[in-house]
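This report describes how the parts of one protein model are arranged. Please look at the sequence and the structure first, then read on.

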Amino acid sequence: MRISEALREKLTTAKRVAVLTGAGISAESGVPTFRGEHGLWKKFRPEELATVDAFMRNPELVWEWYSYRRELMSKIEPNPGHYALAEMQESFPEFSLITQNIDGLHQRAGTQNVIELHGNIQRNRCIECNRYYQEVEITETEKVPTCECGGYIRPDVVWFGEMLPPKALESAFQVSRSCELFFSIGTSAVVQPAASLPLVAKESGAYVVEVNIERTEITSILDEALLGKSGEVLPEIVTAIKTLRG
Ligand code: BJW
Ligand code: ZN
């Protein structure tokens, strides 16, 4: 992979770096992405599974879907892309990682202070009293877990039409506005408001680099696109950083 002179310069001098990740970074760990030929939305309909209406209409079905994915995610490990980002945080005085993923793999790879925009599949909360539950049990007789207050418990993830966690969203915009170098990694950049972050970074003067196996809707607006798997491209960037920054 060829790293441009402009990116080399940024890798050498940048003090503030921000990263946005999407499902693509976990693809090499075996987590299916949402869109594209083999994406989850080819087999499942988002409006039947990832909205509050869907949950109120058919909580059993939505729980079945999340139990299936939780089970899948419990068996996977971070990949070289996650580990490369964890290493990258050591090289810059300010490093922020914003993720749309709910799988917790960045934390498991060692990245600190991950900004989770769409929640985490390991957490659950009551829709009535908002009490948090780390573990919930789904059984043949209780297919929808219920809170002590009697309300339904739901996964603590962000569905379509829902607000993102306000503090996480504010931090994400703040670091995107103030960074000098921004990476948009493994995201199709179609789901708002996350998809605006690379553009906010660009408008605020950052050098914006995309890492993806294909071009996306925002590629042409950004400064540079590194085409390839994040598990291969990111370790190469980390090697370059080590050479450049010593
Ligand atoms: C690789 C790779 C490898 C593969 N290496 N790369 C019209 C205009 C603007 C906005 C809207 C609109 N209509 C509706 C909206 C709002 C809506 C939205 O954006 N919809 C669009 C689809 C149009 N957004 C919302 O509703 C959000 N809330 C909101 O806006 O609140 C304000 C509001 C509230 C009420 C009323 C009005 C306004 C909430 C969005 C929540 C998204 N939730 C999900 C599910 C999370 C839980 C779960 O997982 O079950 O989040 S949807 C899904 O998409 C998930 C992801 O985080 C998100 C983004 O997907 P991502 O990560 O980009 O994955 P993919 O699959 O799309 O892309 C993978 C990429 O990786 C591809 O590019 C591959 O090429 C690449 N790749 N392998 C590198 N090895
Ligand atoms: Zn409750």
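## The sheet and what packs on it

Strands E7 and E8 pair in the parallel sense over 5 bridges. The model discussed here is a predicted one. Within this pair, Ile 185 stands opposite Val 211 in E8. The two strands belong to an open sheet of 6 strands, whose order is E3-E2-E1-E7-E8-E9 and whose pairing is parallel. Strand E3 (115-116) and strand E9 (224-227) stand at the edges with a single partner strand each, so one side of each has no neighbour in the sheet. Helix H1 (residues 5-13) packs on this sheet, where it touches strand E7 (181-185), strand E8 (207-212) and E9. The direction of H1 makes about 115° with that of E7.

As a general point, strands of a sheet pair through backbone hydrogen bonds, in either a parallel or an antiparallel way.

| Strand pair | Sense | Bridges | Opposite residues |
|---|---|---|---|
| E2 and E3 | parallel | 2 bridges | Thr 99 and Glu 116 |
| E7 and E8 | parallel | 5 bridges | Ile 185 and Val 211 |

How many residues of E8 are buried? The count is 6 of the 6, so E8 is largely enclosed by the rest of the structure. Tyr 207, Val 209 and Val 211 point one way from E8, while Val 208, Glu 210 and Asn 212 point the other way. Strand E2 (residues 94-99) has 5 of its 6 residues buried, so E2 too is largely enclosed by the rest of the structure.

Helix H7 (residues 80-88) lies across strand E1 (16-21), E2 and E7. H7 runs at about 150° to E2.

## Two helices that cross

Two packed helices are described by the angle between their axes and the distance between the axes. The axes of H1 and helix H11 (residues 230-245) come within 9 Å and cross at roughly 65°. The crossing of H1 and H11 is right-handed. On the H1 side, Arg 8, Lys 10, Leu 11, Thr 12 and Thr 13 take part, and they meet Ile 237, Ala 240, Ile 241, Leu 244 and Arg 245 in H11.

## A buried serine

Ser 176 is found in helix H9 (residues 166-178). Is Ser 176 buried or exposed? Its relative accessibility is 0%, and buried means under 20%, so Ser 176 counts as buried. Leaving aside residues up to four places away in sequence, Ser 176 touches Ile 98, Phe 182, Leu 197, Val 200 and Ala 201.

## The zinc site

Which residues coordinate the zinc ion (ligand 2)? They are Cys 126, Cys 129, Cys 147 and Cys 149, each through its SG atom, at 2.3 Å. The spacing of these donor residues in sequence is C-x2-C-x17-C-x1-C. Angles among the 4 donor atoms are 103 to 118°, and the site is tetrahedral. For comparison, the ideal angle for four tetrahedral donors is 109.5 degrees.

Cys 129, at 41% relative accessibility, counts as partly exposed.

Note on methods: Residues are numbered from 1 along each chain as its sequence is written. Chains are lettered from A and ligands numbered from 1 in the order in which they are written. This is a predicted model: local features need pLDDT of at least 70, side-chain atom pairs count only at pLDDT 80 or more; totals for chains, interfaces and linings use all residues. Side-chain values use heavy atoms; hydrogens and water are left out. Helices (H or I, at least four residues) and strands (E, at least two) are DSSP runs, numbered from the N terminus. Buried means under 20% relative accessible area, exposed over 50%, partly exposed in between (1.4 Å probe, protein chains only). Contact means heavy atoms within 4.5 Å. Donors are N, O and S atoms within 2.8 Å of the metal (3.2 Å for Na, K and Ca); water is not among the atoms, so sites may look incomplete. Four donors count as tetrahedral if all angles lie between 85 and 135 degrees; four count as square planar and six as octahedral if opposite donors are over 155 degrees apart and all others between 65 and 115; anything else is irregular. Two strands pair if DSSP finds at least two bridges between them. Axes are lines fitted to C-alpha atoms, for helices over the stretch in contact, and angles run from 0 to 180 degrees between N-to-C directions. A crossing is left-handed if the near helix is turned anticlockwise from the far one by less than a right angle, and right-handed if clockwise.
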